[in-house]
Amino acid sequence: MKKIKIMVLTDSTGNPRSFPIEEAVSLDESHPYLLREEYPDAIFWQLSYGNMEAQNIINSAAGYLNDWNPDIIIVQLGIIDCRTEAFTEFQKLIIAKFLGPFFRFLGKHTYNPRLIKYRKISRVSKVKFKKIITKFNIIFNNSKFFWLEVSVHPDYESARPGTYSRVKDYNKIIADVFGDGLVKIQSKLLDNHGFNNDNLHLNKVGHKVIADELKFLIDKHIRANYEKK
Amino acid sequence: MNLEKNHGDVDYRIKSIIARILKTNITDINDTSSPRSTPGWVGLNHRAIISSLEEEFNIQFDLADAEIFVNYKIIKATVLSYIEE
């Protein structure tokens, strides 16, 4: 059988996590590594970076690996782009750079839910997000995409008011661009209590849920495309 | 999403610009053409290609996008994503 090439791009939600201790996820319990165990003959390339917008991760992959032609691309990006913020990244930089009571006051309230609810800034607009993922789709037009639905626990609203509804809009954009490449996982994560107590990152169960879902889809893709009829 | 209908026309327009600036034949430009593989595709010419594409398609590239214009395939994908808006 063909040796399949799999690219995995994630933000922190695809990484192991050492905190909170009672919900720690080790590297070999993270879904990208659970998948590596399932496909020991496949070639994996993974780029996972916390607090990173989709554009940064995608541009790295496109810049270095545009001629690699992966068979499968697994993506878990989008929450950083769409979640609500109190300040833009530039404003955060200014606040962090300058001294004085006013900037200290603002710095303390960077993650104040009431201020976030009032300001509701997103790092990446819907128009720009669509542009970025459309480019990604065109560059890797021979690859099969599995883009994991942007998912958060509904209680994430208490930390980032307005995020839950915005997530739906960004998932719709992903579905518009990748069609059945959008992998629905939100309800499975909720049913299996897969979020950790920050309501964003995944616990061991959440990683396993995703690995199982991806394995099902990858096996189906391999059967349909690479195995001898 | 159907971008296929745009590809032919956009492909020709981008290749025409690159070929004109690099003083080469349009048929010499393909997906793997890059500043490393194509004579003359350096410095000011690279900048001229970016400016001409912005003018031709009435778009303005983000710096982050222009930074990864490492070959023709990426340039074309980027232009298509901008004009799809």
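1. Two residues are taken to be in contact if their C-beta atoms, placed from the backbone, lie within 7 Å. By that criterion, 12 residues of domain 1 of chain A are in contact with seven residues of domain 2 of chain A. Helix H3 (79–82) and helix H8 (163–178) of chain A are the elements that give two or more residues to the domain 1 side. That side has four nonpolar, four polar and four charged residues; here Ala, Val, Leu, Ile, Met, Phe, Trp, Tyr, Cys and Pro count as nonpolar, Asp, Glu, Lys and Arg as charged, and the others, Gly among them, as polar.

2. On provenance, this is a predicted model, in which local features need pLDDT of at least 70, side-chain atom pairs count only at pLDDT 80 or more, and totals for chains, interfaces and linings use all residues. Residues are numbered from 1 along each chain as its sequence is written, while chains are lettered from A and ligands numbered from 1 in the order in which they are written.

3. The domain bounds come from an automatic or database domain assignment. Domain 1 of chain A covers 5–83 + 124–225, and domain 2 covers 84–122. Taken over C-alpha atoms, the centres of the two domains are 28 Å apart.

4. Chain A has 10 helices and seven strands. Helices (H or I, at least four residues) and strands (E, at least two) are DSSP runs, numbered from the N terminus. The C-alpha trace of chain A spans about 70 × 40 × 30 Å along its principal axes. Of the contacts in chain A between residues at least 6 apart in sequence, 78% join residues at least 24 apart.

5. Burial in chain A stands at 41% of the 229 residues. A residue is buried if 20 or more other C-beta atoms lie within 10 Å of its own, exposed if 12 or fewer, and partly exposed in between, with C-beta atoms placed from the backbone.

6. Chain A contains an open sheet of five strands in the order E2-E1-E3-E6-E7, with parallel pairing. Strand E2 (43–48) and E7 are at the edges with a single partner strand each, so one side of each has no neighbour in the sheet. Two strands pair if DSSP finds at least two bridges between them. Strands of a sheet pair through backbone hydrogen bonds, either parallel or antiparallel.

7. Strand E6 (residues 144–148) of chain A deserves a separate look. Five of its five residues are buried, so E6(A) is largely enclosed by the rest of the structure. Lys144(A), Phe146(A) and Leu148(A) point one way, and Phe145(A) and Trp147(A) the other way. Strand E3 (residues 72–76) of chain A runs parallel to E6(A) and is joined to it by four bridges. In this pairing Ile73(A) stands opposite Phe145(A), and Ile74(A) has Phe146(A) as its bridge partner. With strand E7 (residues 182–183) of chain A, E6(A) pairs in the parallel sense over two bridges, where Val183(A) is the bridge partner of Leu148(A).

8. What surrounds Cys82(A), apart from residues up to four places away in sequence? Cys82(A) touches Ser122(A), Val150(A), Arg166(A), Val167(A) and Tyr170(A). Cys82(A) lies in helix H3 of chain A and is buried, with 27 other C-beta atoms within 10 Å. Ser122(A) is 40 residues away along the chain, but the C-alpha atoms of the pair are separated by 5.3 Å.

9. A nonpolar core is a set of buried Ala, Val, Leu, Ile, Met, Phe, Trp, Tyr and Cys residues joined through C-beta atoms within 7 Å. The largest one has 67 residues, of which Leu9(A), Ile58(A), Ile74(A), Val75(A), Trp147(A) and Ile174(A) touch the most other members. H4(B) gives the most to this core, with seven residues. Leaving aside neighbours within four places in sequence, Val75(A) is in contact with Leu9(A), Phe145(A), Trp147(A) and Leu148(A).

10. Chain B consists of four helices and zero strands in its secondary structure. Its radius of gyration is 12 Å, close to the 12 Å given by the globule rule for 85 residues, so chain B is as compact as a globular protein of that length. In chain B, 28% of the 85 residues count as buried.

11. The contact between the chains takes 16 residues from chain B and 14 residues from chain A. Helix H4 (residues 72–83) of chain B supplies the largest share of the chain B side, seven residues. By class, the chain B side has nine nonpolar, four polar and three charged residues.

Key:
The radius of gyration is taken over C-alpha atoms; the globule rule is 2.2 Å times the number of residues to the power 0.38.
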